[in-house]
Structure formats: C-alpha cells, structure tokens
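Visitor: Can you walk me through this one? I'd like to start with how it is divided up and then go chain by chain.

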Amino acid sequence: MSTLVDYDDALSRYEPVIGLEVHVELGTASKMFCGCPTTFGGQPNTQVCPVCLGLPGSLPVVNRAAIESTIRMGLALNCDIASWCRFARKNYFYPDMPKDYQISQYDEPLCTDGYLDVSVPTPDGEVQVVRVGIERVHMEEDTGKLTHTGGATGRIHGADYSLVDYNRAGIPLVEIVTKPVTGTGALAPMVARAYVTALRDIMRSLGVSDVRMEEGSLRCDANLSLAPPGEPWGTRTETKNVNSLRSVERSVTFEIRRQAAVLDGGGTITQETRHFHEDDGSTTPGRSKEEAEDYRYFPEPDLLPVAPDPVWVDELRGTLPELPAVRRARLQQEWGISDFDMDSVINAGALGLVETTIAAGADQAAARKWWLGELARTAKERGVDLADLGVTPVQVARVAELVAAGTLNDKLARQVLEGVAAGEGEPDAVIAARGLVLVSDDDALLAALDEAIAANQDAVAKIQEGKVQAAGAIIGAVMKATRGQADAARVRELLLERLGA
Amino acid sequence: MTDIVRMTATQLVEEMAQGNLTSAEITRAHLDRIAEVDQDIHAYLHVDREGALATAAEADAARNTGADLPPLAGVPVAVKDVMTMRGVPTTAGSRILEGWLPPYDATVVASLRRNLMPILGKTNMDEFAMGSSTEYSAYGPTRNPWDTSRIPGGSGGGSAAALAAFEAPLAIGTDTGGSIRQPAAVTGTVGVKPTYGAVSRYGLIALASSLDQAGPCARSVRDAAMLHQAIAGHDPRDSTSLAAPVPDLVAAVREGDVRGMRIGLVTELGGEGYQPGVEQRFREAVDLLADRGAEIVEVSCPNFRYALGAYYLILPSEASSNLAKFDGMRYGLRVDDSDAGVEQVMAQTRAAGFGDEVKRRIMLGTYALSAGYYDAYYGQAQKVRTLVQRDFAAAFADCHVLISPTCPTTAFPLGEKVDDPLAMYLNDIATIPVNLAGNAALSLPVGLAPEDGLPVGLQIMAPHHEDARLYGVAAVLEGALEDTWGQPLIEKVGG
Amino acid sequence: MSAITRAEVVHLARLARLDLPDDALTHYAEQLDAILDAVAMVSEVAADDVPATSHPVPLTNVFRDDTNQPCLARAEVLAQAPAAEDGRFRVPRILDDEEPA
C-alpha cells in the first residue's frame, strides 16, 4: 500500500501537471472500416466480418461519418483541421486485436492545436475558468473484448485462459489528447473532472457519441507529475482506464498524494503506467516491461490519405450546434445572474429545464426557484434526475404564472407541483382536485379573523400597544384555520383595520 | 481437332460458341490433364474438381437457354493460392494456414464466378509470395514444364507452370515485384501486372499492400486481355481500387499497331548480369518491333539502380506488419504447450508455421521499421520510390512504352539459389521498378535462349492507366514472332 | 550503416513473435547483415528534398457510407478457430498484464 501525504500538505510543496487522453467510441451505425453494426450487447462474435476479424485478404475502407464526427469534434475544440493526413499502423501483438496492428493516426492527426475552457468552483465560492490546451484529436479503431476464465477472480492474473469477443473490434474511436495543464494547483483533480465532463457534454451536444460511460464508451488515461514550484516538470505516471467522472478526480488526487510522499521521502517517480482501483480509489503500478514498446508506426498502405476540402470543413462547421460553454455564457448574461447562481443551475442539471420554463413565460428567478427548490428536493428523494421527474417546463411556468397573479401562494404552489410530480395531472387539474385556491374573500376571512382575535387576546393587547409584530400570531391562526389557503397579506390588512391600529 | 487442353481460351470460346465443345468437356479434359501430369509438375496445391464441374454445368445450362453470356463463360481458370475462396483450402503456400477454409471469396474469385468460369483449383506459390522460384512453398516446389529440373519462377510458379503444362488455359497471378512476369518469362507464357488498383486486392492475402497487384496469366496476349477485362474494375471494398472504367483491352489487341510509336529501351535494365541468350533474343525482338514501324530509342532511368534496395526495405516492412495476424488465435495453425502463455504460443506458432524466407523478411522489416532506423531505411526507401516514379514520368514523356528483358536469366536449376537470398533477389531487378511506381507491365515470350533452349521474356512497361498500350504492342510483337516461328512458342514445350 | 548485432536479432525476434533457437538467431544475424549491406545503397541517394511516396497511386478521400452490411455466421467463423468456447475464441492465458495503450 502506498504511503500518502495529506492533500493540502502535498499542494503546499508541489505543483501538479496533468494531462488527459480520452478515448470515446463514436456513435456511427457501422464500424470504422467495415459495415458491421456497432450496437452494444449483441451475442459474442455475431457483429463481425472478414474486415473487423482481420481475416487474411480483407481490406479496410474508411467510414465517412467517422471522419465527419472527428472533424466536428476538432472544430468544437477549436482545433486546426489538417489539410492532408494519413492513417498509420501501430504494430503490437495482443489477442484482442485481430490484425495484431491497430489502424490509428500517428504523426499526422486529423485535428491539432485546440483548446477547451472549463469552469471549476474554487474553495472560496468563486468560479475559475481554466483553458485546457488540446494537443490532438485523431481516429482509431477499438479492440475486441477479453473475458478471463478460471482462477478465482475473473481477473487476468491467475486466469487459466481467456475468451475473445470481437464485436467491439473496429468500432470507431476518437482519441483526444490534452497538452500538459499547468498552474491549476489544488484544483487539478477538479480541472481533470471538469474537462472530461465538458468533453462528454460537447460530444453529446454534437451528437457524435451518446457517451455511455457505464458501457465503457468513454475511457480516460490520466497523466500526472509533481514538481516543487519553479522547478522543471517531474516524471509523470499514466493511470489507465479511469472510466467515470468521479474516478478521474479521485485518481488524480491519489497520485498527487502518493507522488508527494515518494518525493518527500527523497525517492524518484518511476515513469510507468498505473491501474486505478474503483473500490478504494488507489492506483497500483502495471508490471513494468523489460524493454520499451516499439510500435513501428508506418503509413497504412491499405488506406488513402484524408485531405479534407476546406469547403467540406466549412459545411461541417455550419452543422455545429451552440456549444455548451457558449450557451451557458449566453444564458447567464440573458438572465443576469451571478456565476454562483449559474453554477447552481448547471450542477442541478437544470439548465435546459430552466431555459425552457422561461421560454414558456416564467420569470427567470421563479423558474430557477421552483426547479432548484421544491422539484430538486423531490428528485433527490426519488433518486432520479430532474429531467426524469415527470414535470414539464410548461407546467412549472403555469404554476409560476398563478403565483405571480396571486392565485397561489408559495405553499400552495409547492402542493400543486407535488401533485403534478405525483402524476395527478396538469397544475389546474391538481388545483381543482385538491381545492387549492387562495381565500381572499373578505367575508370568509373576517369570520376566521374574528375567531382568531377572540382566541388571542394577549396578542391583541400587544398590537394595540403598538407592537405590530405580534400580528403574526393572529395571522398564523387564520392560516391554520383555513388550511393555508388564506391570502396572508389581506388577512394582515383586515386585522389592522379591525383593531384600528 | 487440336487437343482440348492445348487450345487457347480464345479457341475454347469459339468451340463452345460453335457448339463443338461444352464447358463440362473442357473442364473435365483439364482435370484429367491435371491428374495425368501434376504429380511431376506440382502446379496445384488443391484441385476443386466438384466446384469446377458445377460451374461448368452452370455455364453449359446458361448457354443452352440462349442467354447472353460473359465472354469467358465456361473457360476454366486456375487461381493462385493467395486468393481466398469460400470453403476451399487457401494456404498462401504456408504451413501456418494449412487447413484454413476462408468464409469469403476474394473479389477476383467472385468476378470469375460471375463470369461463369470454372475454377480448377489453387496453384502453388512461394510462401506468402516471397520468392522467385516457388521453392519456398511449404508444400514442395513446382517444376518448370520446359525442364523439370528447373524452377518455374516465382512466386506464382504454380499458375505459370499450369499454363505451360496445359493444366489450365488461364490463370490468376499476383505480382508484388515480378511474381506474374518472371514466372511468365521463364515458362514461355504471357503475364500481366496491371496498373496498381486496376484489379481489386480484396481477398488477396497481402504481402506488401502498396506493391501487390493481381493480374492475368495466359498462353496468348489476347487470352490475357480477355481475362484482364474479366477481373478488372472498381471494387468499393478496396480503398486503393481505381474508379475509372476498364478500357477495352481486347480491342487494343485487335487494333495493335506500333507504327510511329516511340519505344524506349531502358539502359539500366540490361548489360552486366544479363545472360547472353536473353540479351540476344531481346535484341531480335526489338528489331522486329522496328521492322513493324516502331521508333526505338534509348532512355535512361538512373534511379532504377536503387530500386532493388528500396524494394527490399519497403516489402519486408509492410510484410512484417501484414503477416502479424498469423498468430494462431483465430484460424490456422496453433502450437500450444499446455503451460505456455499467449505470447509464447504466438511465438511458437509463428516459428513453426513460417518458413525460413518468411521469417527472414519479417525480421528485416521489423528492423527497418523500428525506432531509430525508420528514417534511414523505410523513410529513405520511400523517397527512392518517388525518384523511380520521376524516372518513369520522364521516360514516358518521351516514349509510349518502355521495354527490357523481363529477367536477367532463363529458368535456373532447382536448388541453385535457395540458400542464397541475395542471388534470388537479383532475379527481380528488372521487374521491381514497376511495382514501386505502380504502373503497368507485361511479359511476352520472345524465344528460347540458344545456350540452354529455355524461354526468354520481354517486358513492356506502360504508364499508369495505360494498360491497353501493353496489349497493343504485345499483340504486334507476338504476331511478328509467330510469323517467324510458324507457330506459338508454347508448342515447343516438352519437345 | 548496418552491422546488426546478435542482441538486436534477439530483440527483433521478440518484437516479431518468432521463437527462434540459438543457431537460427546466429544464422539470421549473418544473413540480415548481408542483406542490409546490399540494400544500404538507398542511403547513397541524396534525397533530402524528395517527398516520400507511401501510396503508388495519388488518390485521396476514399470513404464508404455509414451503412450496415451483413456479418459472417458465427458458426462458420468459429469453425476455423484453433479453440472456441461459449461463442468466443479461446486463447491461452495472458501472462503479461501490461495491456498496450
């Protein structure tokens, strides 16, 4: 087990440099180089053909949609799109790789030199924007899936043999590699997480991948090194296959604490790949090789160069939706709210819901209030996403409208939303069925008020002495008697009138 | 009537059209011939008697309905064992693929089927097409029908020998550095390497992807043109396949004319190292072309002297990667010690399944691509490739076609070079430049060398996409030679 | 430029997954050295300003549409496998857990 240094302690002495390599499976209908389907969960080896099985004589042909998706990714990440580039073969033997080489891109990636701005909350409640440089975005093909059989654990160690399913082999992957990210200090793990989150959101909004992380369609390798401030960068480790947003943050945190302990002890960091363990958030070294890998890259002779016409690239640029960060900035400005309030909306997953609710006529403050308050609480209780609560923006806008018109007060409005969320129908139907109407009819209110006055003579005396705040007790009694449906403001007016105060 | 098996494809087409012969009769005659002579020649690794006869029956039935048939319908053909054929053993001459039954047809095989051409079987070859003598086949060498103590050329010695031994009227070959042309030259047959991309590589078990090209083997220029026409054309499964329509090659044969044509003799492809009898027959053929009205000029392609070196870096590099897939995991041989891990099983399988020459080239290619050597070897070889292309471009700016001897010598004795890889490689010196540049070339028999009585080939080279020029020139020269001889050269085989 | 060592040949054999006995390694070291000597003439060419040619025909942008094509029948595929189990290819145990990138 690794020795760890306290996190804040580590950051007081060392500056971290992070780098992230993210692989995402593209959501094309067919594989990168053949017409086999890419659907997840098929019977093993039923989505294979001579090409993706690497049978002797077979040849790859590039999927146009995969190229387009990669170019759109590159554009969304502010990259330059190569005017000419080639695929390359990466040669190494492994039983999950049918040809014993992977078709990838090496020194001629399709997209280079971009950036992505990510927002990270700081400990003092501010939001810091960090620009993550993008080194490259390139295409490659996925490998098959190994199952280890025999032995106790189903893991690779101690297995008697392995079984291979090549359904996944040849599914298009896009690899996005960052430049080294420096100067983030203690925020490094959160920057890593925010970056992967932002990438995921971009890919979803582009429609190039639905990024099902639970199915392994996004895989992240996290590089980290430490050095005392002002010193040259330290030796880095690469933690492989960190496959959830939370794990990205945890693995970086762990490596900071572990490497700091090694360096504190006068040790040196070994350049190595490490494995991340979901159970305890630790990383352990992969078995180190006696010799460095030599992938013997060379241009793939079976595939022709890709030379995107600028006209085509511009067409693709025209298909880009408004990207998440741009949209957020625009909405924040339109609504005129603080960074903090905006982050609350985003963190609640309510951005689209609030936007649509406002479009349906609600005031922005009301829209935020209902989604982040009552509805967020209900969603949390039920353990579902806000969007899956069964309440629509139009319904929330209707409730906000009724509150603004004075037909409902907040208490009643909460009950209406509760009813809508419980499947009792539209807001007006819930109001009718539950009889949730604000009582502002003076006769009805006066009857209740007189009873309350009679029962609260102490309070009456205080009010008449000028202690107007004592009115609360009487108003409360009226509200109680009307089961919350009294218009509290009118009750107050009537009370003061009655007592001539 | 001439013996069926000695007829050209052109004659067989005519006999079927006249109703004198059926495809079944023709196919059976060839199967009988194979049964009779192949134990001496060993041109075939696998004979598909049932499959061939089934296609023959299909062709005959189609003819009986009076349907419009493809030109070569019913004419049998042999296929080099480097092409996949669904359910038919395909080994590429290697032990590592022994017993493999591919689940799919190569595009060329599919084209032959679509043309209703009975496929007689799979022909012998150097293992994974590495070699110039067919001696590197894991299943034993093929012998040259002109002299069974001699090699039939390689790697496609099986296809060429099958033609020369009258075991097939037509055959499919593949040419990475001369594997169609050199066997054609040493067996007195015609072999064509089309422009790179003219014939699909889908289903061709790759040796060197940027050099490999399938093409026709035949006993006459016209037969080769017909087969070329049948197998060429765009294939969406091969990214490097040419989209342009296939020119009418049979018309090019019919209309062949060299009058006023400038034909370039490549200075660098001759002289030292070329057998005197080869040079003599070559010069006589050049004189015939001049007689028929061609203007003969000398051209120099100075970078051709580096072609062999570049070729023996590019080829092993690509081959080392292409042959990685033969690892004993998914098909073919597996050598498995019960306790070995996967890496060891792969290494044992490959050591046992590959022959000496294949291992040598895999090691060479692995070296040429490895870190620290890439620029000096593979990178530099790719630059030489550019220079060879430029030499061709300059020469073709001046000449319609270029010519040279196809190879420096006639068929050498079996065993002579089998342990001397460098001597073996030199055989390809005249054929390699075309593969590096990707243009088209044809080998035509131009006589027997006086000193050994063995066939000599002349190579005609044309620019990219100008395959038709090859056939025009070859047809004129073939006609002129046959006028001199009074009969096709092939009639002298075995005599 | 060449002079390939026996140690290099051992390394190459491992990279290429060829399990070669000692005498073969020595034999290949000699032969590769001779071949490399012969092909080393490519380095004589002054070609600094010459572009490399990786593809013999200068085509670009050959793509296929993103549509599905029929797959192979699993039984036919697995019938060719040296070993299969549960619809999958069975392969020997993997001792080296250093899964490549």
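Guide: Start with the domains of chain A: the assignment gives domain 1 (7-293 + 303-318), domain 2 (324-406) and domain 3 (442-499). Bear in mind that this is a predicted model.

Visitor: How far apart are the C-alpha centres of domain 1 and domain 3 of chain A?

Guide: Those two centres, domain 1 and domain 3 of chain A, are separated by 67 Å.

Visitor: And how many helices and strands are there in chain A?

Guide: Chain A has 16 helices and 15 strands. Its radius of gyration is 30 Å, well over the 23 Å from the globule rule for 501 residues, so chain A is more spread out than a compact globule.

Visitor: What box do its C-alpha atoms fill?

Guide: Roughly 95 × 55 × 50 Å for chain A, taken along the principal axes.

Visitor: What share of chain A is buried?

Guide: Of the 501 residues in chain A, 55% are buried. The accessible surface of chain A is about 21100 Å², and carbon and sulfur atoms hold 49% of that.

Visitor: Is A:Asp113 buried, exposed or partly exposed?

Guide: A:Asp113 is partly exposed, at a relative accessible area of 41%.

Visitor: Let's move to chain B. Which residue there has a positive phi without being a glycine?

Guide: B:Leu116 is one, with phi at about 55°. B:Leu116 is in the loop between α4 (107-114) and β3 of chain B.

Visitor: Buried or exposed, that leucine, B:Leu116?

Guide: Buried: B:Leu116 has a relative accessible area of 11%, and the cut-off for buried is under 20%.

Visitor: Where is there a cis peptide bond in chain B?

Guide: The bond from B:Gly154 to B:Ser155 is cis, and its omega is near 5°. B:Ser155 is placed in the loop between β3 (119-123) and α5 (157-164) of chain B.

Visitor: Now the whole of chain B. How many helices and strands?

Guide: Chain B contains 16 helices and eleven strands. The C-alpha atoms of chain B fill a box of roughly 65 × 55 × 45 Å along the principal axes.

Visitor: What are the burial and surface figures for chain B?

Guide: Buried residues account for 68% of the 495 in chain B. The accessible surface of chain B is about 14400 Å², 48% of it on carbon and sulfur atoms.

Visitor: And the contacts and charges of chain B? What are the numbers?

Guide: In chain B, 75% of the contacts with a separation of 6 or more are between residues 24 or more positions apart. Chain B has 39 positive and 60 negative charges, and their mean positions are 3 Å apart.

Visitor: That leaves chain C. What pattern does it follow along the sequence?

Guide: Chain C reads α-α-β-α-β-β, with three helices and three strands. The radius of gyration of chain C is 22 Å, well over the 13 Å that the globule rule gives for 101 residues, so chain C is more spread out than a compact globule.

Visitor: What does the C-alpha trace of chain C span?

Guide: About 55 × 45 × 25 Å along the principal axes of chain C.

Visitor: How much of chain C is buried, and what is its accessible surface?

Guide: Buried residues are 46% of the 101 in chain C. The accessible surface of chain C comes to about 4900 Å², with 50% belonging to carbon and sulfur atoms.

Visitor: Last one: what about the contacts and charges of chain C?

Guide: Among contacts in chain C between residues at least 6 apart in sequence, those joining residues at least 24 apart make up 29%. Chain C has 8 positive and 19 negative charges, with mean positions 14 Å apart.

Key:
Residues numbered from 1 in each chain as written. Chains lettered and ligands numbered in written order. Predicted model: local features only at pLDDT ≥ 70, side-chain atom pairs only at ≥ 80, totals over all residues. Heavy atoms only, no water. Helix = DSSP H or I, 4+ residues; strand = E, 2+ residues; numbered from the N terminus. Rg over C-alpha atoms; globule rule 2.2 N^0.38 Å. Buried < 20%, exposed > 50% of the residue type's maximum accessible area, 1.4 Å probe, protein only. Contact = heavy atoms within 4.5 Å. Areas by Shrake-Rupley, 256 points an atom, 1.4 Å probe, with all protein chains shown as cover. Lys, Arg positive; Asp, Glu negative; His and termini not counted. Charge placed at Lys NZ, Arg CZ, Asp CG, Glu CD. Domains from an automatic or database assignment.
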